Amino acid sequence: MQPVARRDPALFRRGTSPGTRCLVGLALSAALLAVDGSQQWAVVLRNSMEQAVAPLMIALELPVEAAREVGRGLTTQGELLRQIARLEQENEDLRTTARDLANLQRENDELRTLAALPVERLTLLRNVQLIQRGRGVASQRFLIDAGSRKGITAGMALVHPLGVVGQVTAAGETTADVALVTDAGQNTPVEVARTGLRAVMIGEGLPDRASLRFIASNADIEPGDQLVTSGLDGVYPAGMPVASVVSVRRDAQSEFARVVCKPAASIDGRRHFAVVLPTGGMP
Amino acid sequence: MNFASVLERRNPRNARQTRAIALSLLLAVTLDLVSLGSTVDPLRPDLALLVVLYWSTRGRAPILISAAWGVGLLHDIATLTPLGLNAGLYCLTAWVGVSLRKRLEAMPIPGELLLVLLVLLAGSMLSWGVGLLLGGRPLAETHLLSPLVGTLCWPLVRLLLRNAGIRRRRASPPD
């Protein structure tokens, strides 16, 4: 027979009430939100926790990747022929672009030598792989599989042959957080390739969408214009494609135009990117 | 002797349900982490939040609010969201669930769905509001569609979890 003390009815056993627990939880959450990203120890704590769950994320990605591979394998012959034709066309276009770029680079180098300016070059640090994409308010962020052990530090730029992708915001030992150029508040100094007009592209936290700020309503900019990095921030190498202008709205009431752009390099369907060293900016 | 066996000896029903709660939460978080592409991801419901809501309203032992907070924090880490955002949301949802427990038990299915939609919408708006304070993310249609999809999934989640919490009876030997 159990002692009387162990058979106390549940009626008299009262722990902390749900309301109090909820209040404590909310207070802890608010404290975490306040320190996350602003305190060094919070960044280290977050990176450590991300590293702990990274193997799980990689494991979860394996079946999805396998399913994608199977899907690709089931592509019909007609689709393959169409893809080959399209790729051949793209290849031809790229060759033409490469020839043009080489000519421009030669011209650019000559002009820089004349001006006694240092030649900026894209210095590749290493190739990295996407582990996990953010969700919700972090949908324009992702985690990569390399961190400080492989030389990655906050502030480094991520690029793809199609253009700039984003910037490392925090680096743990084996993983690092990356904010896309479309992440809310991300500033990317750009210039319009056609006119040389300089501006700052601001991410809006939405996929495939960003905007240019403080563009005068009479500025020479139009839909279809290509935006390239100006290199002024010392993060992104100059002259890399960033985005193209989708729409320009000029309002008689405002002295600034509303310019919406679409990034050149989307991360959809891509897993490999290159980290480049900061250029140091223009003098 | 492990913790589950101690629980089972004291209260077998609660121990079974604790295991069901832990397993279903783990499975829901795992499913939430599988990426389905940028087109589908913003529309998909937060399964872990649905599971937290179910167990806080239907379980014999309401889900511990602290456990909901822990699951939310794990979600924050895994989905790169600011630390504390989902933790606070899950904790608040669990408390709302516990508070609405009696009302939900007596409510017909359409009313229950409406209530779930309201809870999920409120959660989505709260998440958007905090995001706005942190980085200025504008309101998008996905903030409304994801709770709607979550509400449509609610009957399935309810059915699956109700069955998970019940142990099949063994055939009793003849007297």
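Visitor: Anything to know before we start?

Guide: It's a predicted model, where local features need pLDDT of at least 70, side-chain atom pairs count only at pLDDT 80 or more, and totals for chains, interfaces and linings use all residues. Residues are numbered from 1 along each chain as its sequence is written, and chains are lettered from A and ligands numbered from 1 in the order in which they are written.

Visitor: OK, chain B then. How many helices and strands are there in chain B?

Guide: Chain B has seven helices and zero strands, so the pattern along its sequence reads α-α-α-α-α-α-α (helices are DSSP runs of H or I with at least four residues, strands are runs of E with at least two, and both are numbered from the N terminus).

Visitor: What share of chain B is buried?

Guide: Of its 175 residues, 40% are buried. Buried takes 20 or more other C-beta atoms within 10 Å of the residue's own, exposed takes 12 or fewer, and partly exposed sits in between, with C-beta atoms placed from the backbone.

Visitor: Let's do some helix packing. At what angle do H3(B) and H5(B) cross?

Guide: Roughly 40°, with the axes of H3(B), residues 47–58, and H5(B) coming within 7 Å. Axes are lines fitted to C-alpha atoms, for helices over the stretch in contact, and angles run from 0 to 180 degrees between N-to-C directions. That makes H3(B) oblique to H5(B); under 35 degrees counts as roughly parallel, over 145 as roughly antiparallel, 65 to 115 as roughly perpendicular, and the rest as oblique.

Visitor: Left-handed or right-handed?

Guide: The crossing of H3(B) and H5(B) is right-handed. Right-handed is when the near helix is turned clockwise from the far one by less than a right angle, left-handed when anticlockwise.

Visitor: Which residues of H3(B) and H5(B) meet there?

Guide: On H3(B) they include B:Leu49, B:Val52 and B:Leu53, and on H5(B) they include B:Tyr90, B:Ala94 and B:Arg101. By class, the contact of H3(B) with H5(B) has eight nonpolar, four polar and one charged residues. Nonpolar covers Ala, Val, Leu, Ile, Met, Phe, Trp, Tyr, Cys and Pro, charged covers Asp, Glu, Lys and Arg, and the others, Gly among them, are polar.

Visitor: Switching to the interface. How many residues does each chain put in?

Guide: Chain B gives 34 residues and chain A gives 37 residues. On the chain B side, H2 (12–33), H4 (65–78), H5 (85–105) and H6 (109–135) each supply at least two residues. H5(B) has the largest share of that side, seven residues. The chain B side divides into 20 nonpolar, 12 polar and two charged residues.

Visitor: So how does H1(A) lie against H5(B)?

Guide: The axes of H1(A), residues 18–35, and H5(B) come within 8 Å and cross at roughly 165°. That makes H1(A) roughly antiparallel to H5(B), and their crossing is left-handed.

Visitor: Is B:Leu92 buried or exposed?

Guide: B:Leu92 counts as buried, because it has 23 C-beta neighbours inside 10 Å. B:Leu92 is in H5 of chain B, and leaving aside its neighbours within four places in sequence, B:Leu92 is in contact with A:Cys22 and A:Leu26.

Visitor: Now chain A. What is its secondary structure?

Guide: Chain A comes to three helices and 12 strands, and 32% of its 283 residues are buried.

Visitor: What do the strands E6 to E11 build in chain A?

Guide: A closed barrel of six strands, running E6-E7-E8-E11-E10-E9 with antiparallel pairing (two strands pair if DSSP finds at least two bridges between them). Neighbouring strands of this sheet are turned by 40° against each other on average, direction ignored.

Visitor: What does E11(A) pair with?

Guide: Six bridges join E10(A), residues 241–249, to E11(A), residues 256–263, in the antiparallel sense. One of the bridge pairs is A:Ser247 with A:Val260. E8(A), residues 210–216, also pairs with E11(A) in the antiparallel sense, over five bridges, and there A:Ile215 has A:Ala257 as its bridge partner.

Key: Contact = placed C-beta atoms within 7 Å.
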